[in-house]
Amino acid sequence: MQPRNMSMSGVVDLAAVKAAGEARQKAEQARAAAARDGGGGGAVAPVSLVIDVDEAGFERDVLQRSAEVPVVIDFWAEWCEPCKQLGPLLERLAVQYNGRFLLAKVDVDANQMLMQQFGIQGIPAVFAVVAGQALPLFQGAAPEAQIRETLDQLIQVAEERFGLTGIPVDPEAGAAAGAAAAEEAEAPAGPYDSLLEAAARALDANDFGGAVQAYKNVLVDDPGNTEAKLGLAQAELLARVQDLDPQQVRKAAAENLNDVAAQIAAADLDLVGGHVEDAFGRLVETVRRTAGDDRDAARVRLLELFEVIGADDPRVAPARAALARVLF
């Protein structure tokens, strides 16, 4: 799915939400009441910045809270693979933004009415509610840099138009949560040495299918295993190029720049051959030239190649920025 620009003027009408002017007035009244009450209950713990929301609690947890803080809504489902990438990223950003926005997660399978009210055609889909106004942010698993830029715009608009500066976060609770997360990250998730060794042996034997399966076996129990994620991306790449005719692929790509399948295959070959910037640049240009499903296919393959190289590689960040520029 192709991410969409955030439109601060595109308001989604909800039955439970009044006009924008009245929403702003409510926001101001809520802030005044909170000030009279000594801050509205005090600082919250970071864990409270991410909440699960259903139809019954939507008005209380989203509409009312949006009078004091922008509420970002993540529409997701258990069967949605891109949701599994986007959800944890949004949760991490909610904590990092330290109360500048609240993240509300809505399971669309259990809340079909909310999905219909927001006019959602596919997931993951991300909206925001600010002082009772619903704003579309983006659809699909967008790059982190793009998401941060969108959130920054949202926060700026919320503050400038409605005076919403977020909610205070308890620094002691944040430190405790950070220490707990660090401790959990340091603890090994399980004894996967034998599985990883089996995957490496399969790669050495050019058994890419076996390597893919071995890495997937690790990720079933430990989805965050960095070595397995990197190995899986590399094994899948090698499997894709194994039967390609390099000369034929490059000829097709050179003769028809709009042949997305040829450009994707050529980018795979570029990467395997060590021409990382060429692979990234080819797909960024393909995204720029195309639209719809073709554009999305090129974007997804570029994100997959980022995984092959690893997020820490210095060539990834400029390519992510270039992708964000052509998408928006």
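This passage describes the predicted model of a single chain, from overall confidence to local detail.

Residues are numbered from 1 along each chain as its sequence is written. In this predicted model, local features need pLDDT of at least 70 and side-chain atom pairs count only at pLDDT 80 or more, while totals for chains, interfaces and linings use all residues, and side-chain values use heavy atoms, with hydrogens and water left out.

Confidence is described by pLDDT, the predictor's confidence in each residue, from 0 to 100. The chain has a mean pLDDT of 80. A value of 70 or more is reached by 79% of its residues. Over residues 1-24 the pLDDT is below 50. That stretch still has 67 contacts in the model beyond near neighbours in sequence; a contact means heavy atoms within 4.5 Å. Residues 184-189 also stay under 50. For them the model has 1 contact beyond four places in sequence.

The secondary structure comes to 14 helices and 5 strands. Helices (H or I, at least four residues) and strands (E, at least two) are DSSP runs, numbered from the N terminus. Among these elements, strand β2 (residues 71-76) has the highest mean pLDDT, at 95. Helix α6 (residues 171-186) has the lowest, at 50.

The chain holds 328 residues, and 45% of them are buried. Buried means under 20% relative accessible area, exposed over 50%, and partly exposed in between (1.4 Å probe, protein chains only). The accessible surface comes to about 16600 Å². Carbon and sulfur atoms account for 50% of that surface. Areas come from the Shrake-Rupley method with a 1.4 Å probe; for residues, only the protein chains shown count as cover. Of the contacts with a separation of 6 or more, 72% are between residues 24 or more positions apart.

In soluble globular proteins, nonpolar side chains tend to be buried together. A nonpolar core is here a set of buried Ala, Val, Leu, Ile, Met, Phe, Trp, Tyr and Cys residues joined through side-chain atoms within 4.5 Å. The largest such core has 31 residues. Leu271, Phe280, Leu302, Leu305, Phe306 and Leu323 touch the most other members. At least two residues each come from α9 (226-241), α10 (246-255), α11 (260-272), α12 (276-289), α13 (292-309) and α14 (316-327). The biggest share, 8 residues, comes from α11. Leaving aside neighbours within four places in sequence, Leu302 contacts Phe280, Leu283, Val284 and Leu323. A second, separate core has 29 residues, among them Val53, Ile73, Phe127 and Val169.

Helix α11 also carries Asp268. This residue is buried, with a relative accessible area of 2%. Beyond four places in sequence, Asp268 is in contact with Leu237, Arg240, Val241, Arg301 and Leu305. Gln247, in helix α10, is exposed at 68% relative accessibility. Gln247 and Ala266 are 19 residues apart in sequence, with their C-alpha atoms 9.7 Å apart.

Aromatic rings were searched next. Rings of Phe, Tyr and Trp (its six-membered ring) pair if their centres lie within 6.5 Å; planes under 30 degrees apart count as stacked, over 60 as edge-to-face and the rest as tilted. The whole structure has 6 aromatic pairs. The ring centres of Phe118 and Phe127 are 5.0 Å apart and their planes stand at 70 degrees, so this pair is edge-to-face. Both residues are buried. Phe280 and Phe306 form another edge-to-face pair, at 5.0 Å centre to centre and 85 degrees between the planes. This pair links distant parts of the chain, with Phe280 in helix α12 and Phe306 in helix α13, 26 residues apart. Phe280 and Phe306 are both buried. Ring pairs also join Phe58, Phe75, Phe118 and Phe127 into a cluster.

The search finds 1 disulfide, defined as a pair of cysteine sulfur atoms within 2.5 Å. This disulfide joins Cys80 to Cys83, with an S to S distance of 2.4 Å. The torsion about the S-S bond of Cys80 and Cys83 is about 80 degrees, so the disulfide is right-handed. Both cysteines are buried.

Some backbone features stand out. Most residues other than glycine have a negative phi, and most peptide bonds are trans. Ile123 and Pro124 are joined by a cis peptide bond, with omega about 0 degrees. Pro124 lies in the loop between α4 (112-117) and β4 (125-130). Asn98 has a positive phi, near 55 degrees. Its loop runs between α3 (81-96) and β3 (102-107). Asn98 is partly exposed, at 46% relative accessible area. Asn206 has a positive phi of about 60 degrees. Asn206 lies in the loop between α7 (193-204) and α8 (208-221).
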